[in-house]
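Me: I have a structure open and want to go through the ligand site. Can you take it step by step?

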Amino acid sequence: MTTLSDPPRADGFRLSLLVRDKRYRSYTFQAIALIALILFFGWLASNAIRNPVLRQAGIDFGFLADPAGYDINQQPIPYTSQSSHLRAAFIGAINTLIVAFLACATATVLGVIAGVLRLSNNWIVRKLMAIYVEMFRNIPVLIWILIIFTISANVFPQPSAFRGDNPEASPIFGVAAITNRGFYLPRPYFTNGIGAVADEVPADAAAPVAQEVASNANWLIVLAVLVTSFFAVRAVNAWATKRQNATGVRPTTLWVNLGLWFVPIVVTLVILGLRWEVPELRGFNFQGGILARNSLIALWFALSVYTGAFIAENVRAGILAISRGQTEAAAALGLRPGRVMSLVVLPQALRIIIPPLISQYLNITKNTSLAIAVGYMDLTGTLGGITLNQTGRALECILLLMAFYLVFSLVISAVMNAYNASVALKER
Amino acid sequence: MKNSVLLGTLAFAGLAAAGASAATLDDVKARGSLNCGVNTGVPGFAAPDANGEWQGFDVSVCRAVAAAVLGDPEAVNFISTTGKTRFTALASGEVDLLARNTTWTFSRDTDLKFDFVGVNYYDGQGFIVPTALGVSSATELDGATICIQTGTTTELNLADYFRVNDMSYEPVPIETEAEARTQFLAGACDVYTTDRSALASVRVTYPSPDDYVILPEVISKEPLGPLVRHGDSEWGDIVRWTYFALVAAEQYGVTQDNVEEMAAEAGDNPEVNRLLGTEGELGAMIGLENSWAKDAIAAVGNYGEIFSRNIGEDSPVGLERGLNALYTEGGLQYAPPFR
Ligand SMILES: N[C@@H](CCC(=O)N[C@@H](CS)C(=O)NCC(=O)O)C(=O)O
């Protein structure tokens with residue numbers, strides 16, 4: 001080949017080529033960045049090593065076995081102030097996962113609805129959704145958490161407002177109370193299932209009262225029944241599709257499916273002797289039932305609406321990415337708009353929506369650490385907050401905290417990536 | 001998030017290395033001002049007044065030290081710390097001195113590596129409740145929702161007290177006094193618990209103080225005092241003896257008004273002479289001017305004056321001297337000899 005410029009001379013390598021020549025430039029900059037990074041971390045590490053406090057105390061995780069000494073309000077597993085710091089950390093971790101899970105679920109529902117409706121043909125609906133999205137994603141989530149928390153502490157009635165003959169407030173349908181400390185909801189329990197009876201029935205009890213059986217195994221039974229129903233319904237649907245392919249007519253499966261969903265679970269619950277424990281005002285607070293504290297509610301709600309706004313944009317982008325031709329072709333085949341969306345557009349849009357959705361789930365999980373602002377006892381509140389502060393073991397606590405969040409994030413990514421792979425375009 | 005926490009910790013570790021090794025006195029002199037850690041606002045103890053000037057019982061300790069070291073009680077940077085951030089602030093060298101109703105405990109003194117230089121207020125933990133609850137004793141608090149500041153001795157005492165008395169409660173953890181106030185006044189908790197001095201101080205700022213009572217029980221010992229980092233004993237001595245100078249001044253009748261006059265020439269009490277620098281070289285022994293104690297007293301008055309001005313019976317907070325009277329009057333405040 002002949003070129004117009006001079007051919008590079010064999011001895012023509014100059015240092016400036018490292019920056020100017022396209023072949024070397026990227027390597028040069030990467031090498032510089034790498035060296036800077038190593039130096040920076042080296043500096044941090046040497047600082048930490050030279051730290052006199054660390055030198056004396058060393059890194060020692062032994063404190064995790066000591067009694068924590070403090071109480072935690074939301075205890076998904078049994079805990080007392082005499083339990084270890086490690087147990088307190090696990091309580092925090094579970095609380096983090098609880099609120100992260102709840103927020104991911106509601107944010108997804110909100111996001112999909114808002115994203116779809118933002119493309120609605122109805123002007124008002126479209127604009128309302130635009131307002132929702134812009135309002136929530138442009139104000140920091142911490143502010144939303146605080147707003148919701150402050151409102152719930154000041155607007156909802158105190159438990160004492162439910163007291164007396166003529167109370168200012170009364171429970172909804174007599175079973176659920178909304179107070180400024182949280183929502184008290186009825187709690188389901190079983191009286192016939194497997195497991196030990198919590199309290200002995202007193203011999204002189206006037207009427208035999210059904211006693212609660214303590215084992216959580218009963219909930220596993222319920223879960224197993226639901227899972228079986230799910231697979232049964234799937235089998236029915238698969239059969240219906242086969243029939244449709246063969247005959248062109250889809251058999252009506254609605255009633256069979258409803259039956260498959262409801263009959264087994266209702267029968268199971270009756271056999272297990274489902275009862276509801278209704279919260280009752282006793283002493284300072286409502287007792288019994290489930291308490292969703294307003295710290296949980298504020299955090300959950302704020303994370304949902306905030307992240308929901310971002311998910312709405314992802315959904316909208318995903319839908320817009322599907323060419324109009326698809327919609328038009330589907331409409332030309334006679335599909336109604338709802339079915340066009342659910343059968344043609346959304347399944348394809350999903351492939352575009354899921355990768356950013358993974359990031360949103362990770363964001364939610366990490367943003368739960370803002371719990372500290374409303375006193376929700378998550379991982380940052382227990383391990384990274386009280387434990388760190390009372391023991392003074394900052395480095396150990398922070399390292400452990402990072403490990404926990406890293407594991408959460410990696411697991412979520414792995415699960416979501418697997419799901420993504422399952423809906424991805426399968427090329428043959 | 002994760003990375004920034006790591007970097008923050010390591011950077012903090014680095015700062016601690018820098019902060020703990022240098023001589024604090026030289027740093028303060030070179031800077032020309034004292035960095036003093038106080039709380040985020042408890043009227044009477046430490047709170048900015050209408051002009052933005054920090055005032056209060058703990059603030060006076062900071063000003064006295066600044067006056068003794070730099071000759072200027074105004075040369076103080078006040079740094080607000082919460083129950084949780086205060087120890088990091090001190091350990092990292094962000095503050096030279098922490099005067100923030102902090103309880104002297106074994107583990108803080110040893111494991112956390114601080115030195116408490118004295119006790120400027122002997123206190124104990126108490127409970128405040130709305131009168132409307134009709135509660136007259138802490139033993140009736142079974143099942144109550146209780147607001148507590150996290151990172152304090154308060155939350156540990158509370159857990160112990162309820163466990164020992166076989167009662168249950170619902171803790172609502174909070175970070176600052178302002179948050180506690182919002183929650184408690186909104187009735188989101190039935191009870192607020194902390195040091196009784198702080199309870200008395202915040203009670204008078206409630207819209208109608210008479211609607212709230214402090215229960216009679218005192219469930220712990222809370223000796224509150226100023227503290228410095230381990231490992232710089234010279235600096236610890238300066239803060240300790242500045243505080244003792246204020247106590248001794250009360251004992252010997254040296255006041256903000258008469259201190260200049262008494263320091264003008266040697267009088268007939270040799271201890272007062274040594275304290276005020278008209279006799280001996282006490283100042284030089286701790287690396288300060290000989291007028292260090294005089295400057296501190298002139299700036300903030302003696303211990304009794306500080307007490308009555310900020311939290312005493314004539315102030316809005318209205319605390320009795322009680323345990324904090326001089327030992328000559330049946331209290332625990334006692335300054336070792338100046339010689
Ligand atoms: N003396 C206890 C508690 C000290 C404490 O945090 N007191 C609160 C109760 S008023 C306080 O000063 N808060 C002021 C603030 O939030 O800055 C301790 O040292 O742990």
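**Ligand site**

Reply: An oxygen atom of the ligand lies 2.8 Å from a polar side-chain atom of Arg86(B). That is a polar contact, meaning a pair of N or O atoms within 3.5 Å. This is a predicted model, where local features need pLDDT of at least 70, side-chain atom pairs count only at pLDDT 80 or more, and totals for chains, interfaces and linings use all residues. Residues are numbered from 1 along each chain as its sequence is written, chains are lettered from A and ligands numbered from 1 in the order in which they are written, and side-chain values use heavy atoms, with hydrogens and water left out.

Me: What does Asp195(B) reach on the ligand?

Reply: A nitrogen atom, which is 2.8 Å from a polar side-chain atom of Asp195(B).

Me: How much of the ligand does the protein cover?

Reply: 100% of the 500 Å² of accessible area that the ligand has on its own. Areas come from the Shrake-Rupley method with a 1.4 Å probe.

Me: And Thr103(B), how far is its side chain from the ligand nitrogen?

Reply: An N or O atom in the Thr103(B) side chain is 2.6 Å from a nitrogen atom of the ligand.

Me: Which residues come nearest?

Reply: Of the 22 residues around the ligand, Thr40(B), Arg86(B), Thr103(B), Thr153(B) and Asp195(B). Being near takes a heavy atom within 4 Å.

Me: What classes are in that shell?

Reply: Four nonpolar, twelve polar and six charged residues. Asp, Glu, Lys and Arg count as charged, and Gly is among the polar ones.

Me: Which element gives the most?

Reply: β11(B), with three residues. Strands are DSSP runs (E, at least two residues) and helices are runs of H or I, at least four residues.

Me: Changing topic. Where is Lys113(B)?

Reply: In the loop between α5 (106–109) and β6 (114–116) of chain B. Phi of Lys113(B) is near 65°, a positive value in a residue other than glycine.

Key. Polar contact = N/O pair within 3.5 Å; in protein donor to acceptor, adjacent residues only side chain to side chain.
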